[in-house]
Amino acid sequence: ETGVTQTPRHLVMGMTNKKSLKCEQHLGHNAMYWYKQSAKKPLELMFVYSLEERVENNSVPSRFSPECPNSSHLFLHLHTLQPEDSALYLCASSQDRPTDTQYFGPGTRLTVL
Amino acid sequence: EDQVTQSPEALRLQEGESSSLNCSYTVSGLRGLFWYRQDPGKGPEFLFTLYSAGEEKEKERLKATLTKKESFLHITAPKPEDSATYLCAVQENSNSGYALNFGKGTSLLVTP
């Protein structure tokens, strides 16, 4: 595997379900990110981790819970989501400095019924 | 008010018909401006980073330029495989550091 991988690629869940999105980066980077991409809206930054420590949290509802066990893996735990949470969830990674280029994974297409 | 505005929203070109995409931004201090390409159902693919006014970068048929208020992505003699959504993002000095503020993108279609 190369670059940034995300699983699953597609997920359909009910509002009462609990699920997790997984991201893995094979680039030796130290910073990892979660973004949300909704139709007709710009990408929205959700969370940033640097060296496994959360450094940014952009007013995201508590039904989204991130976890970064090491610098190569990032999870987004989902519970009691709403239909408006349906979107493409993108993971990215970068070296570590804020100006370093962010490289994106293919995304997980989430549909909440 | 949006910090990053991309225009046009959509652009249709004939193969070989050169054009430019615009990204205008309003930030107090620019740390960097990034261009990405995104194909349907995929994540954004990095193209260029520009840091200061007057800077230019090229890659194949693409050339990105930067002024103090906007950036242009020039596409010379495009091919159908250049069809994609092009995203612009800025990083400003005043924020905590990592956030990229994205525009909504320009959807480009190049027809044979």
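Colleague: How many bridges join β6(B) to strand β7 of chain B?

Modeller: The model is a predicted one. In it, four bridges join β6(B) to β7 (residues 62–66) of chain B, and the two strands run antiparallel. Two strands count as paired if there are at least two bridges between them, and these strands have four, so they are a pair. One of the residues involved is B:E58, whose bridge partner in β7(B) is B:K63.

Colleague: What makes β1 and β6 of chain B edge strands?

Modeller: The open sheet of chain B has five strands in the order β1-β3-β8-β7-β6, with antiparallel pairing. β1 (4–7) and β6 (56–59) of chain B each pair on one side only, and these are the edge strands. From one strand to the next, the twist averages 15°.

Colleague: Which strands make up the open sheet of four strands in chain A, and in what order?

Modeller: The order is β1-β3-β8-β7, again with antiparallel pairing. β1 (4–7) and β7 (64–70) of chain A have a single partner strand each, so one side of each lacks a neighbour in the sheet; they stand at the edges. Neighbouring strands of this sheet are turned against each other by 20° on average, direction ignored.

Colleague: How do you know that β3 and β8 of chain A pair?

Modeller: At least two bridges are required. Strand β3 (residues 18–25) and strand β8 (residues 73–79) of chain A share seven bridges in the antiparallel sense, so they meet the requirement. Among the residues concerned is A:K22, whose bridge partner in β8(A) is A:F75.

Colleague: What is found between chain A and chain B in the way of contacts and buried area?

Modeller: On the side of chain A, 26 residues are in contact with 21 residues of chain B. The area buried between the two chains is about 1800 Å², and carbon and sulfur atoms give 58% of that area.

Colleague: How many salt bridges are counted between chain A and chain B?

Modeller: The count is zero. A salt bridge would need a side-chain nitrogen of Lys or Arg within 4 Å of a carboxyl oxygen of Asp or Glu, so no such pair is counted between the chains. Three residue pairs are, however, in polar contact across the interface, with both residues at pLDDT 80 or more.

Colleague: Which strand gives the most to the side of chain A that touches chain B?

Modeller: That strand is β4(A), with four residues. The residues on this side of chain A divide into 14 nonpolar, six polar and six charged.

Conventions
Residues are numbered from 1 along each chain as its sequence is written. Chains are lettered from A and ligands numbered from 1 in the order in which they are written. This is a predicted model: local features need pLDDT of at least 70, side-chain atom pairs count only at pLDDT 80 or more; totals for chains, interfaces and linings use all residues. Side-chain values use heavy atoms; hydrogens and water are left out. Contact means heavy atoms within 4.5 Å. Buried area is the accessible area (1.4 Å probe) that two parts lose on being put together, summed over both. A polar contact is a pair of N or O atoms within 3.5 Å; within protein, one must be able to donate a hydrogen and the other to accept it, and residues adjacent in sequence count only if both atoms are side-chain atoms. Ala, Val, Leu, Ile, Met, Phe, Trp, Tyr, Cys and Pro count as nonpolar, Asp, Glu, Lys and Arg as charged, and the others, Gly among them, as polar. Axes are lines fitted to C-alpha atoms, for helices over the stretch in contact, and angles run from 0 to 180 degrees between N-to-C directions.
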